[in-house]
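Please open the model in your viewer and keep the sequence panel beside it. The tour below moves from one selection to the next and says what is there.

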Amino acid sequence: GGGATGGKEGPGDAKRVRFSGGSHPPERKGAGSQRVGTRPAETSTGYDWTGSFRINEPGDFGLIARARDDSSRCFLVRVEVRASDGTLFVVIDREHPKCPPFKIVNKTAADRLRFCQRHVHKWTVVPPFSVCTYSWDQPLGVAGELKLTMEVAGDRHGERVFSMDESGPLGRIVLEHPVRLLYAYLIAEGPTKVLVVSDLPNPEVVLDPRSSPEEQKKQEKQLELLESVDTLQVLQRRQKMLERELEELSAAQDRLLREEGEFAAERRRSRERGEGLDEKGAE
């Protein structure tokens with residue numbers, strides 16, 4: 001199992017619920033409602049309780065377990081509440097690495113983004129050209145919402161809030177210094193919802209005549225964006241960024257080789273001094 005908790009325990013709640021060695025008093029929210037959290041059984045790992053979930057409602061969902069001292073150290077958890085012969089079974093396991101609930105994909109050349117569940121503020125940074133898997137910190141939502149908050153440095157709009165139930169283009173992001181556009185869109189990869197932020201519109205969009213009129217409008221809008229973007233300019237910007245990173249890596253490698261050479265020379269001088277002292281002692 002894995003873990004953290006979303007709600008305060010009542011002082012009179014003496015009953016405890018155990019999952020793979022972890023335990024957490026249930027949070028009572030009215031008659032017939034029980035919320036619990038889970039965490040790894042080995043307390044030495046330093047993981048906190050997960051967000052709370054209901055154990056009296058069959059279903060399956062994802063959670064994220066975070067370390068107490070560093071919320072960026074985390075792993076995904078899959079919870080299934082199943083009914084059988086009048087008994088509710090709670091099955092907790094690590095999430096399958098190929099089927100997380102969400103992926104956040106940063107396809108930009110040089111723009112870092114960060115995201116969190118709305119109202120939770122446990123931010124995760126996604127560098128350029130990287131992917132981050134995610135599941136809700138609080139699967140029951142906070143303040144009646146179950147949405148994702150995202151920030152891109154330099155975004156005039158500031159924080160952006162997305163419902164992960166949507167699909168298609170989510171809008172353009174206008175950045176400053178220098179002024180340029182990024183594009184956010186949501187696609188599905190099997191059971192996984194993928195939020196993509198890119199300096200190019202979704203290149204895989206097609207106008208599908210079988211789609212609903214609303215979906216066709218979204219597809220037409222995305223195709224118009226593709227036609228209006230200077231793809232060559234974007235690719236040149238990406239190339240410059242990669243060349244800059246290669247220069248930095250080359251400089252770091254040269255620095256390491258130089259330090260290694262200086263260390264070897266110092267060891268050699270130290271060994272020679274030691275041999276000289278041994279010879280004097282022998283005389």
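Strands (E, at least two residues) and helices (H or I, at least four residues) are DSSP runs, numbered from the N terminus, and two strands are said to pair if DSSP finds at least two bridges between them. This is a predicted model, in which local features need pLDDT of at least 70 and side-chain atom pairs count only at pLDDT 80 or more, while totals for chains, interfaces and linings use all residues. Residues are numbered from 1 along each chain as its sequence is written, and side-chain values use heavy atoms, with hydrogens and water left out.

Next, select the open sheet of four strands, which has the order β11-β10-β13-β14 and antiparallel pairing. The edges are β11 (124-126) and β14 (160-162), each with a single partner strand, so one side of each is left without a neighbour in the sheet. On average, neighbouring strands of this sheet are turned by 30 degrees against each other, direction ignored; the axes behind this angle are lines fitted to C-alpha atoms, for helices over the stretch in contact, and angles run from 0 to 180 degrees between N-to-C directions.

Stay with β13 (residues 148-152), which is joined to the antiparallel β14 by three bridges, and show Thr-149, which stands opposite Val-161 in β14.

Now display the side chains of the largest nonpolar core, which has 23 residues, and of these Phe-115, Leu-148, Met-150, Ile-173 and Leu-195 touch the most other members. Such a core is a set of buried Ala, Val, Leu, Ile, Met, Phe, Trp, Tyr and Cys residues joined through side-chain atoms within 4.5 Å. Among the strands that each supply at least two residues of this core are β10 (113-117), β13 and β17 (192-198). Centre on Phe-115, whose contacts (heavy atoms within 4.5 Å), leaving aside neighbours within four places in sequence, include Ile-104, Trp-123, Tyr-134 and Leu-148. Another core lies apart from it, with 13 residues, among them Phe-53, Ile-55, Phe-61 and Ile-92.

Technical notes
Buried < 20%, exposed > 50% of the residue type's maximum accessible area, 1.4 Å probe, protein only.
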